[in-house]
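Colleague: Could we go through this model together, feature by feature, with the general idea before each case?

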Amino acid sequence: MNADVDTASRPPASRQSQKEATRLRVLNAARELFDTHGYQGTTIREIARHAGVAVGSVFTTFASKGEILSEVMQARLDPLYAELDRVMPHLRGSTADRLRTMFAIHFEFEARHVRLFLSHIAAAYDWTLPPGAKPYGHTPRLQEIIRETLQKGIEQGEVRADCDLQEIVDLLMAAYAWTYRLVITREAGTQAMIDAMDRQIGLVAEGFAPRG
Amino acid sequence: MKHISPNQVAADTPARAPTRRALAKQQTRLKVLAAARRLFSEQGYEGATIRDIAAAAGMSTGAVFANFTDKSDLFREIMVDDMEALNAAMRDAAVRGRGVEDALLKVFMAGYTFYKSRLQLARAAFSVSWDKDGGPSLRGLPASLALEDLFTELLSDAVTRGELSQEAEVKLRSRMLFDTYLSNFPQAIFDGWSLDALQARARDQIRILLAGARRG
């Protein structure tokens with residue numbers, strides 16, 4: 001993704017940078033289209049037209065639209081996780097509250113492009129998905145952050161030590177994704193989703209709390 | 001210009017016995033539905049076209065459109081058939097449960113068993129359900145809402161029996177249980193999880209989600 005500085009001045013570099021420029025144009029166009037038309041409603045042909053490049057040149061860079069979306073999300077999520085890495089160690093409060101803050105940051109981040117996130121989830125079920133694509137559920141970073149938070153909860157005596165952490169992680173991941181359903185069924189806004197998630201986290205927390 | 005055509009009169013009179021024509025039409029519908037089911041399973045919702053479905057059913061696209069308005073209509077009809085059958089299977093299973101936890105587990109397993117032989121169709125349904133256009137109409141189907149209602153009923157009954165506390169937050173809890181039931185499908189579809197593996201997972205999930213609603 002980063003331009004190689006050493007080769008930047010050599011002749012092949014211009015072709016290389018042209019290719020990179022095409023890639024960025026395709027990714028930008030795709031982000032807009034997925035965000036407005038959803039995953040099924042967006043075709044590679046339209047992405048190419050929107051980006052002002054030939055359909056063929058899209059295919060020389062990307063194998064499928066699933067791969068394009070996967071890269072769009074990757075580029076979006078990297079800064080989010082950098083931000084979370086900075087914030088998480090400073091969070092105070094109970095394990096449930098730290099989880100609530102972490103997910104609220106996610107909802108606020110996705111809010112402006114919520115249809116893009118729905119596309120991201122829909123893409124997980126695409127037939128043409130290449131093995132390298134990373135639709136929702138295959139992004140390990142979110143799972144790691146949840147697991148670290150729970151681990152800290154065990155040390156603080158707020159999470160049962162004999163809990164299967166992966167199961168709790170999966171429950172929270174599912175609750176997070178399924179909360180976006182509210183956008184489809186009720187046109188829910190960000191705050192409504194955060195509220196719904198807060199309550200769900202409270203309910204899961206009752207399940208991982210030490211038995212009194 | 002108002003006049004009633006003979007055809008309209010015929011259509012308005014209540015049918016006595018199904019005519020040969022009505023039977024033929026019914027047969028055509030069933031053929032199209034069977035072909036569509038197969039193609040949606042093999043190629044996904046997006047990949048299956050009306051043209052392919054018509055060809056697989058051995059008829060013209062016109063004949064398909066005479067029976068279904070469009071692809072989403074066709075898909076919805078298949079989903080309704082399945083969800084009604086699933087609803088019956090889940091309700092049968094729930095009755096056999098000993099206590100709410102066991103009943104829920106049996107309901108989950110009735111669902112996974114039902115879809116075991118049609119996971120690819122389930123995959124197509126998930127893909128449509130997350131679509132901004134197809135999602136609302138699929139999720140809002142009465143047959144789909146009836147599945148959610150079953151979870152609510154099981155929890156409400158458990159509160160009435162005194163098995164769960166009055167403050168069990170039935171609505172939120174049953175919604176989460178339903179979502180959790182759905183959220184295990186990717187493991188079944190993509191990772192080939194067996195029914196046993198799904199059951200072990202579901203048992204733990206149900207336990208966690210009920211923990212706060214236990215009495216005492």
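Modeller: Let us begin with domains, whose bounds come from an automatic or database domain assignment. In chain B that assignment gives domain 1 (17-68) and domain 2 (70-210), and the centres of these two domains of chain B, taken over C-alpha atoms, are separated by 28 Å. Please keep in mind that this is a predicted model, in which local features need pLDDT of at least 70 and side-chain atom pairs count only at pLDDT 80 or more, whereas totals for chains, interfaces and linings use all residues. Residues are numbered from 1 along each chain as its sequence is written, while chains are lettered from A and ligands numbered from 1 in the order in which they are written.

Colleague: How many residues of domain 1 of chain B are in contact with domain 2 of chain B?

Modeller: Two residues are in contact if their C-beta atoms, placed from the backbone, lie within 7 Å; by that criterion 9 residues of domain 1 of chain B are in contact with 13 residues of domain 2 of chain B. Helices here are DSSP runs (H or I, at least four residues) numbered from the N terminus, and helix 2 (residues 20-47) of chain B gives the most to the domain 1 side, with 7 residues.

Colleague: Which helix of chain B provides the largest share of the side that touches chain A?

Modeller: In that interface, 27 residues of chain B are in contact with 28 residues of chain A, and the largest share of the chain B side, 6 residues, comes from helix 10 of chain B. By class, the chain B side has 9 nonpolar, 9 polar and 9 charged residues, where Ala, Val, Leu, Ile, Met, Phe, Trp, Tyr, Cys and Pro count as nonpolar, Asp, Glu, Lys and Arg as charged, and the others, Gly among them, as polar.

Colleague: How should I read the packing of two helices?

Modeller: Two packed helices are described by the angle between their axes and the distance between the axes. Axes are lines fitted to C-alpha atoms, for helices over the stretch in contact, with angles running from 0 to 180 degrees between N-to-C directions. The axes of helix 10 and helix 12 of chain B come within 10 Å and cross at roughly 165°, which means that helix 10 of chain B is roughly antiparallel to helix 12 of chain B (angles over 145 degrees count as such). In their contact, B:Arg173, B:Met176, B:Leu177 and B:Thr180 of helix 10 meet B:Gln205, B:Ile206 and B:Leu209 of helix 12, and these residues divide into 4 nonpolar, 2 polar and 1 charged.

Terms used. Helices (H or I, at least four residues) and strands (E, at least two) are DSSP runs, numbered from the N terminus. Angles under 35 degrees count as roughly parallel, over 145 as roughly antiparallel, 65 to 115 as roughly perpendicular and the rest as oblique.
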